[in-house]
2 protein chains.
Amino acid sequence: MQNRSAQTHQRILDAALAVFAQSGYEASSVADICAAAGVSKGAFFHHFPTKQAIFLELLEVWLAALDASMETARGETNTVPQAIMQMTGLMSSVSQSASNYLPVFLEFWTQASHDPAVWQAVIAPYHRYQAYFAGLIQEGVAEGSLKPVNPDLSARTIVGLAVGLLLQGVLDPGATDWAQETQHSMQMLIDSFMEVES
Amino acid sequence: MQNRSAQTHQRILDAALAVFAQSGYEASSVADICAAAGVSKGAFFHHFPTKQAIFLELLEVWLAALDASMETARGETNTVPQAIMQMTGLMSSVSQSASNYLPVFLEFWTQASHDPAVWQAVIAPYHRYQAYFAGLIQEGVAEGSLKPVNPDLSARTIVGLAVGLLLQGVLDPGATDWAQETQHSMQMLIDSFMEVES
């Protein structure tokens, strides 16, 4: 029975993701999600107290997958600049697979700004990435691959560029090959952080 | 009478901006805007066919002010790198004054992606800024202040960084002094485009 309950849980998550991507977060109702998942409202509320709880779990699952890919990227590379470029490559593929869902995330994010409790849940991973890149940059400075740049400032610049390019790619997918351009853009930025090889 | 009509038009715009900032775009009704402006629905529809028309006019007014400031910044500076940094300074002050409204713009933008006609109206200024910065970078290459970088790629990188930092500042205003950090971040990027002075 545990197994069947876990399957229902997953089916509701999958259905919610599809419904959100189709109609947007606000316009999607619990009834829509139940219909798409083929479950009763009773079953839904057994698994999730609110529509918001589903969204937060979807976000968590998505970020956990991203974290795992980033760890792999770090493990496969020797220097910090290489690691950041490997992670940038990931970002492009993540954004392509997530392009249906990013508008939903954005919608949720702007709505979350009206609710302090949700806000904390949404801003926490963002602060985590900030801190992660600041730590990575400190490593790069220590290993001698990066100039002694300000870690926090540099991390916010990297995250800022990543977020900005991701957003442009989602909002205007036909403008260019965003995967390739993101690589080039990030390389330009990272070059400016790097010690010139002698 | 023309004057009074123009005043009413402006009063509806001001009221709509306040109502959108307070409640979000989707949640605001024409009735809310009429109540805030102290006008009848008849008067409203005399000036604007839809709530969407108001939004698009607000966007146009905001962008026209930004364009004028950018032209002034260009006129006050000699080289392209100086001009871009002057414009970055503008962006910080624009974003501070607009921080109430940017979530509304974002909300509208994500919703617009479902409506091709609105989409064109919203994406056009974005393409315009892209083209503007590409032209500016070509000028910089021609005047010898910038390396022979790819103008389109560099323009998208500049716009990407600007949009990403603007978004971070709006979503997480307390994290840092965004105005100052935006200057530093953009300077790092522009430095990487610049010819090293001999």
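User: Which residues does Ile84(A) touch, not counting residues up to four places away in sequence?
Analyst: This is a predicted model, in which local features need pLDDT of at least 70, side-chain atom pairs count only at pLDDT 80 or more, and totals for chains, interfaces and linings use all residues. Residues are numbered from 1 along each chain as its sequence is written, while chains are lettered from A and ligands numbered from 1 in the order in which they are written. Two residues are in contact if their C-beta atoms, placed from the backbone, lie within 7 Å. Leaving out residues up to four places away in sequence, the residues that Ile84(A) touches are Leu136(A), Ile158(A), Met186(A) and Ile190(A).

User: How many residues does the largest nonpolar core have?
Analyst: A nonpolar core is a set of buried Ala, Val, Leu, Ile, Met, Phe, Trp, Tyr and Cys residues joined through C-beta atoms within 7 Å; a residue is buried if 20 or more other C-beta atoms lie within 10 Å of its own, exposed if 12 or fewer, and partly exposed in between. Among those with the most contacts inside the largest core are Ile84(A) and Ile84(B). The number of residues in this core is 89.

User: What are the elements of chain A, and how many helices are there?
Analyst: Helices (H or I, at least four residues) and strands (E, at least two) are DSSP runs, numbered from the N terminus. The elements of chain A run α-α-α-α-α-α-α-α-α from that end. With 0 strands, the secondary structure of chain A comes to 9 helices.

User: Which helix gives the most to the side of chain A that touches chain B?
Analyst: In the contact between the chains, 30 residues of chain A meet 30 residues of chain B. Helices H6 (102–112), H7 (116–143), H8 (151–171) and H9 (178–193) of chain A each supply at least two residues of the side that touches chain B. With 12 residues, the helix that gives the most is H8(A).
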